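Subject: Structure handover

Hello,

Here is the structure to look over. My notes on it follow below.

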Amino acid sequence: MTSMIGALLFDLDNTLLENEIDAFISAYLAALRAYMSAHLPVDAFVPHLLQATQAMVANEDPNRTNAEVFDAAFFPAFGRTREELAPLFDDFYATRFADLRSLTRPDPATRSLLEWAFEQGVPVVIATNPLFPRTAIEQRLAWAGVPVDRFPYALVTSYEEMHAAKPNPAYYLEIAGRLGQPPEACLMVGDEWEQDVGPALSVGMVAFWISGPDQGVPEGAPAPAGRGRLADFARWVRGVV
Ligand SMILES: [Mg+2]
């Protein structure tokens with residue numbers, strides 16, 4: 001059978017890695033704030049971080065990476081340079097970020113699914129919202145049991161790589177462009193309708209919605225090609241790749 005699928009795109013949190021995201025973000029911000037409190041005015045830290053994050057979400061300038069947008073918004077807010085402060089972030093991710101692992105669990109279907117996908121020779125993309133440095137994504141992939149040193153992903157959408165973010169359809173079009181694939185040949189797998197499935201469908205991608213039976217497709221929205229848990233996707237995808 002000739003495959004219609006030219007690339008598989010996977011969201012990370014609550015798609016490949018079980019991660020109660022509100023609790024995770026709270027713990028992440030608390031840990032980062034505590035680490036930075038020795039170096040920066042602590043009351044301003046989280047507001048400036050969130051404001052710079054919003055600037056990345058709004059980015060769609062093909063000439064500016066999300067990291068460049070973050071840097072331009074964040075560091076001048078403290079009157080400091082990236083060169084001064086970047087080593088602090090690097091050290092946080094090298095020494096503290098791993099403490100958050102206990103808040104996550106690998107989905108039992110993840111590893112065998114990705115082993116199968118690589119056996120098929122289909123390019124695999126980690127399509128997680130590109131608001132984080134590559135190290136934060138690589139560590140979460142390791143927690144999910146599918147580390148970058150074992151799985152040669154075609155693309156991991158970190159903030160250093162990308163020029164748009166979810167839910168902007170430009171993010172999905174950038175992935176397809178980077179792969180040299182038409183959007184129609186890309187299959188996006190994700191758990192959030194607003195961030196993953198809706199915008200992927202809007203640019204013509206095929207989408208599988210990681211969701212429970214109690215979750216409804218939004219009124220008037222197109223139906224995804226399939227839905228269910230990741231184990232359900234693993235069975236379903238064998239019929240289309
Ligand atoms: Mg997700």
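**Domains**

The C-alpha centres of domain 1 and domain 2 lie 24 Å apart. The contact between them (heavy atoms within 4.5 Å) takes 19 residues from domain 1 and 20 residues from domain 2. Domain 1 covers 7–19 + 105–237 and domain 2 covers 22–100; these bounds come from an automatic or database domain assignment.

This is a predicted model, in which local features need pLDDT of at least 70 and side-chain atom pairs count only at pLDDT 80 or more, while totals for chains, interfaces and linings use all residues. Residues are numbered from 1 along each chain as its sequence is written, and side-chain values use heavy atoms, with hydrogens and water left out.

The area buried between domain 1 and domain 2 is about 1,600 Å², taken as the accessible area (1.4 Å probe) that two parts lose on being put together, summed over both. Carbon and sulfur atoms give 64% of this area. On the domain 1 side, Trp143, Tyr159 and His163 supply 36% of the area buried against domain 2, more than any other three residues.

Helices (H or I, at least four residues) and strands (E, at least two) are DSSP runs, numbered from the N terminus. Two strands count as paired if DSSP finds at least two bridges between them. Buried means under 20% relative accessible area, exposed over 50%, and partly exposed in between (1.4 Å probe, protein chains only).

Five of the five residues of strand 6 (residues 186–190) are buried, so this strand is largely enclosed by the rest of the structure. Cys186, Met188 and Gly190 point one way from strand 6, and Leu187 and Val189 the other way.

Strand 6 pairs in the parallel sense with strand 1 (residues 7–10) over four bridges, with Ala7 opposite Cys186. Strand 6 also pairs in the parallel sense with strand 7 (residues 206–210), again over four bridges. There, the bridge partner of Leu187 is Val206 in strand 7. The chain gets from strand 6 to strand 7 through helix 8 (residues 193–202), and this β-α-β crossover is right-handed (with the strands pointing away from the viewer, the path from the first strand over the helix to the second runs clockwise).

The buried residues of helix 8 are Trp193, Asp196, Val197, Pro199, Ala200 and Leu201. Their cover includes helix 7 (169–179), strand 6 and strand 7. Just after helix 8, Gly204 takes a positive phi of about 100 degrees.

Strand 1 also pairs with strand 4 (residues 124–126), in the parallel sense and over three bridges; Leu8 stands opposite Val124. Ala7 and Leu9 point one way from strand 1 and Leu8 and Phe10 the other way, and all are buried.

Asn19 is found in strand 2 (residues 17–19) and is buried, at 1% relative accessible area. Not counting residues up to four places away in sequence, Asn19 touches Asp13, Asn14, Phe24, Leu103, Thr104 and Arg140.

Trp116 sits in helix 5 (residues 110–120) and is buried at 11%. Leaving aside neighbours within four places in sequence, Trp116 is in contact with Val237, Arg238 and Val241. The C-alpha atoms of Trp116 and Arg238 are separated by 9.2 Å, although the two are 122 residues apart along the chain.

**Salt bridges**

The structure holds 11 salt bridges. One of them joins Arg105 to Glu18, with the closest N and O atoms 2.6 Å apart. Arg105 lies in strand 3 (residues 104–106) and Glu18 in strand 2, so the pair ties together parts that are 87 residues apart in sequence. Arg105 is exposed at 54% relative accessibility, whereas Glu18 is partly exposed at 24%.

Arg33 and Asp43 also meet in a salt bridge (3.4 Å, N to O). This pair links helix 1 (residues 21–36), which holds Arg33, to helix 2 (residues 42–58), which holds Asp43. Arg33 is partly exposed at 33% and Asp43 is exposed at 64%.

Asp11, Lys166 and Asp196 are linked in a network of salt bridges; Asp196 is also among the buried residues of helix 8.

Regards

Definitions and conventions. Salt bridge = Lys/Arg side-chain N within 4 Å of Asp/Glu carboxyl O.
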